[in-house]
Amino acid sequence: MTELESEVLPLPPRYRFRDLLLGDQSFQSDDRVQVEFYVNENTFKERLKLFFIKNQRSSLRIRLFNFSLKLLTCLLYIVRVLLDNPEEGIGWSHIFWVDRKMPLWAVQVSIAVISFLETMLLIYLSYKGNIWEQIFRISFILEMINTVPFIITIFWPPLRNLFIPVFLNCWLAKYALENMINDLHRAIQRTQSAMFNQVLILICTLLCLVFTGTCGIQHLERAGEKLSLFKSFYFCIVTFSTVGYGDVTPKIWPSQLLVVIMICVALVVLPLQFEELVYLWMERQKSGGNYSRHRAQTEKHVVLCVSSLKIDLLMDFLNEFYAHPRLQDYYVVILCPTEMDIQVRRVLQIPLWSQRVIYLQGSALKDQDLMRAKMDNGEACFILSSRNEVDRTAADHQTILRAWAVKDFAPNCPLYVQILKPENKFHVKFADHVVCEEECKYAMLALNCVCPATSTLITLLVHTSRGQEGQESPEQWQRMYGRCSGNEVYHIRMGDSKFFMEYEGKSFTYAAFHAHKKYGVCLMGVRREENKSILLNPGPRHIMAASDTCFYINITKEENSAFIFKQEEKQKKKGFARRGTYDGPSRLPVHSIIASMGTVAMDLQNTECRPANSSKLALPAENGSGNRRPSIAPVLELADTSSLLPCDLLSDQSEDEMTQSDEEGSAVVEYVKGYPPNSPYIGSSPTLCHLLPEKAPFCCLRLDKGCKHNSFEDAKAYGFKNKLIIVSAETAGNGLYNFIVPLRAYYRSRKELNPIVLLLDNNLDSLLQCGIIYADNLVVVDKESTMSAEEDYMADAKTIVNVQTMFRLFPSLSIITELTHPSNMRFMQFRAKDSYSLALSKLEKKERENGSNLAFMFRLPFAAGRVFSISMLDTLLYQSFVKDYMITITRLLLGLDTTPGSGYLCAMKITEDDLWIRTYGRLFQKLCSSSAEIPIGIYRTESHMFATSESQISINVEDCEDTKDVKEHWGIKTSHHRNSCSSDQSEHPLLRRKSMQWARRLSRKGNKHSSKTAEWISQQRLSLYRRSERQELSELVKNRMKHLGLPTTGYDEMNDHQNTLSYVLINPPPDTRLELNDIVYLIRSDPLAHVANDGHSRKSSCSNKLGPCNPETRDETQL
């Protein structure tokens, strides 16, 4: 045993050292068995079956050969008929015997032998145990009829002239053609067209019927009048077309019987074929067929993938996509898994869209459907989510799978993806452009609280318009608002631009101010050639270069503008008097109107810069103050750091330290600047924010319930100094992170940070407990559970009614609402008998008839920024196809992304002390020269008198007297309300009649009541008379507050601000007059942009001037 163990086996000659190291000992075992696989395919029968049947290409060749043989036999039969010369006379022998030439017989016999052998071989290969199934097949019977007689004539020569119906091979040729087409589609891996196959079958059936009838009648008539082959063909065509001239008719009964049989067969077969063809045609109309490969290679097209296509989504896409001139020749292929809607079908039948829009019913997860849409040749693919789904996460999952499928099938096709939930965004990070709905929604809602009507500003910027809306309206604000709504964001290389080329080497603020003064365009951002990041208002330290890409706001892009230089002398000769054209406080001179229109011409008559010490800029003595500069400093060509002081129009943004009086009044909330420690989802942009030094306990987050750390149970007990911002949502989702971050950004002053209250239970008690009477804004987010309704437009019903209730209970509260459908905005703050609202409704219908994409813009809630629909931002994704920077700019404006050196959107309010500036152009100069801020628009509020209903006219006299001091600043409107109070009796005949009846009843009772009782009844009568709907609502709220133990003082101070209208003016002309309470949208430069560059100098200046301060605070102080 030991000898065997110690014995070392010799290495085989081909054994390698690598195998020894790997431990392979298989050479020691000699009992190996070699296993061969697929041995059944090596038999002779399987090889033949593989060649004749299974293999697609070889099978296609066999069927093509068989088809050629059948056609050849039919041609030989025609040749035999043409060469035939039957004897004169009538006899049945002419039917059974024909004159067949010897060479022709030899060829026909050869073909018959080949066909017979092929048929027998195929029968053998396809045999599966039932021989009779193979024998009784029609194709086998026809083969036997046409081949066996020829083979018999080889062994029996007298039968060589026997008639054989070879023309029946046309049916075998039809059968072979069908199989050949099927094999052809399989061989080239192409989707088979059922419509093509059915049309081919129908045509082949008609040809076979005509050919069979022609040959059969011609042969049978050999025993009669001996019709030629052409006359027989003529007879069959006339008969099958139901014309029936009667000039050619069969004379003997066999041919007549054949005609009857052929007509019966045609009446049975042809209707079935036509029925199948019509069915397939209808199904193709539903599914949409295919997009032509030839058209895909010669024309450009984009693909729109959606779960369900609604008419609003379709029209928004088509109107926005085809609004750009260079996209007019593009085709739009819609790929949708559902059947086409009736309204969509009706729209796509309009000639404007029928030639450019192709609807395909199919799924993006099927390669066959993507091939039908020619996705690999598409210029872009838009994948939209279904926001009407109850489960929005499931809708995102479907979108993600579609994006993956398209990327797998066509990796070079640009993807434009819309996602609903922010936590699902990282799954489609590979897409070229992604828009997250909840990110944009919550960021806009947040900015609406600090910059009014930000949602309206962004919506107007991302919509394509020519600024023609409302120009025929008699209202001045509608004309001005509609004209400014045509402004959009465009880009151009500075070296190629007439707007900005002359400012090469100058500072950004210098270029922005002078471009606005000279051309009326608003330069808002740039992008360096070597850096792909877009910078909004990089500040005066940014020196413009010829290679920079400039982003500006204007009515149209520079390439579509004409530049007309005019001299003042020519204007005087022509009699132009600017002051006589537009009179009034809000007049717009001619050159500003042309500049604001922007599309046709720009007047450049006054291009020189006014001197800084001009007398026109001096502050009037009676309105001036001692510390204000009497004129506006010029904007410097190059930055001077010593001149970059905070603009004296604005409150100091660096008020980090609380004053002593503030500290005594309430406890100071400490904040630190930093990045949020926890990100709610993958892909969120890090933003420097104001944070608490320590994380608050979870128990302290409940406002309505006390805990061991505090005993507060309502908003009043907390003693918030700033107004609240209440968010009414269904759930606390991850999207709320994008609502909080813009309101807690590092560039906001600590004194301006508003407390944020999340309200998940939307009832009156919860509203009162969370401090709605101390709130400045109430944000109502659309409920996901109500988005899916039986009727699409009813998805907003619950939200609209709830907001209307809160609007009636708290009329002075600023309520910002998000809706699913833009068309439902007309129901916000609804007044049934308001004639002005009815006029706006007619204006909206008129603008829609004129083809406007912004027909809803004149609705007062939308113009004021009180309501918006996230579906209006779908155009942001569509515009990105032409303007690939729009998503980046929008995210920078909303604060979703923070790029180092890029500015941010904020707002300032025009007070009485600022009216000396007078015009928007002078304000532009003031901001650029002092604080390097770029204004982009104005939010204007005007007083307006609305026609109201009876219940709204009836106002309590005591309320008017109590709120007299509060309403003094309303001026004329307050006096109007007082007059309405005194004239209530004449305006309310019903109440007057009831009070007169009550007085008569009291007069009949006479002295039964004492004077005290009569006085009490009189007071009750007066109070009942004065009682109004507003007072009932007020008493309801007060009773609930008393029941909850809340003070009612705050609610008494709430007054109604319904007699105003607000609207947004984007990039107004430079000579637009400033009005009191105007809110100016600003792009303020980044306070931290120059910390890295000037960190050392900042530290030294801080130590010399402010003592122990950090550079971050100093930077915030300067800007």
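Student: In which helix does Ser930 lie?

Tutor: Ser930 lies in helix 35 (residues 920-930). Helices (H or I, at least four residues) and strands (E, at least two) are DSSP runs, numbered from the N terminus. Keep the ground rules in mind. This is a predicted model, where local features need pLDDT of at least 70, side-chain atom pairs count only at pLDDT 80 or more, and totals for chains, interfaces and linings use all residues. Residues are numbered from 1 along each chain as its sequence is written, and side-chain values use heavy atoms, with hydrogens and water left out.

Student: Is Ser930 buried or exposed?

Tutor: Start with the cut-offs. Buried means under 20% relative accessible area, exposed over 50%, partly exposed in between (1.4 Å probe, protein chains only). Ser930 has 5% relative accessibility, so Ser930 counts as buried.

Student: What does the side chain of Ser930 reach?

Tutor: Read this as a polar contact: a pair of N or O atoms within 3.5 Å; within protein, one must be able to donate a hydrogen and the other to accept it, and residues adjacent in sequence count only if both atoms are side-chain atoms. The side chain of Ser930 reaches the backbone oxygen of Lys926 at 2.6 Å. Now compare sequence with space. Ser930 and Ala633 are 297 residues apart in sequence, yet 7.7 Å apart in space, C-alpha to C-alpha.

Student: Which strands pair with strand 21?

Tutor: Two strands pair if DSSP finds at least two bridges between them. Strand 21 joins strand 23 (residues 1079-1084) through 5 bridges, antiparallel. Strand 21 also pairs with strand 22 (residues 1060-1066), again antiparallel, over 7 bridges. Pro935 stands opposite Leu1082 in strand 23. Tyr939 has Val1064 in strand 22 as its bridge partner.

Student: Why is strand 21 described as largely enclosed?

Tutor: In a regular strand the side chains alternate between the two faces of the sheet. Here, 7 of the 10 residues of strand 21 (residues 934-943) are buried, so strand 21 is largely enclosed by the rest of the structure.

Student: Where is Glu488, and what does Glu488 touch?

Tutor: Glu488 is in strand 7 (residues 488-493). At 2% relative accessibility, Glu488 is buried. Contact means heavy atoms within 4.5 Å. Not counting residues up to four places away in sequence, Glu488 touches Leu461, His463, Thr464, Ser465, Tyr552, Ile553, Asn554, Gln879 and Lys883.

Student: Which residues pair up within helix 9?

Tutor: Lys174 and Glu178 both lie in helix 9 (residues 169-187), 4 residues apart, about one turn of the helix. Their closest N and O atoms are 2.8 Å apart, in a salt bridge. Lys174 is buried at 16% relative accessibility, whereas Glu178 is partly exposed at 22%. Helix 17 (residues 367-372) holds Asp369 and Arg372, 3 residues apart and separated by about one helical turn. Their side chains meet in a salt bridge (2.9 Å, N to O). Both Asp369 and Arg372 are buried.

Student: Which parts does the salt bridge of Lys425 and Glu439 tie together?

Tutor: Lys425 and Glu439 form a salt bridge, with closest N and O atoms 3.0 Å apart. Lys425 lies in the loop between strand 5 (415-419) and strand 6 (433-436), and Glu439 in helix 19 (residues 437-450), so the pair ties together parts that are 14 residues apart in sequence. Lys425 and Glu439 are buried. Salt bridges can also link up: Arg392, Lys421, Glu437 and Glu438 form a network.

Student: Where is Arg61, and is Arg61 buried or exposed?

Tutor: Arg61 is in helix 4 (residues 56-83). Its relative accessible area is 58%, so Arg61 is exposed.

Terms used. Salt bridge = Lys/Arg side-chain N within 4 Å of Asp/Glu carboxyl O.
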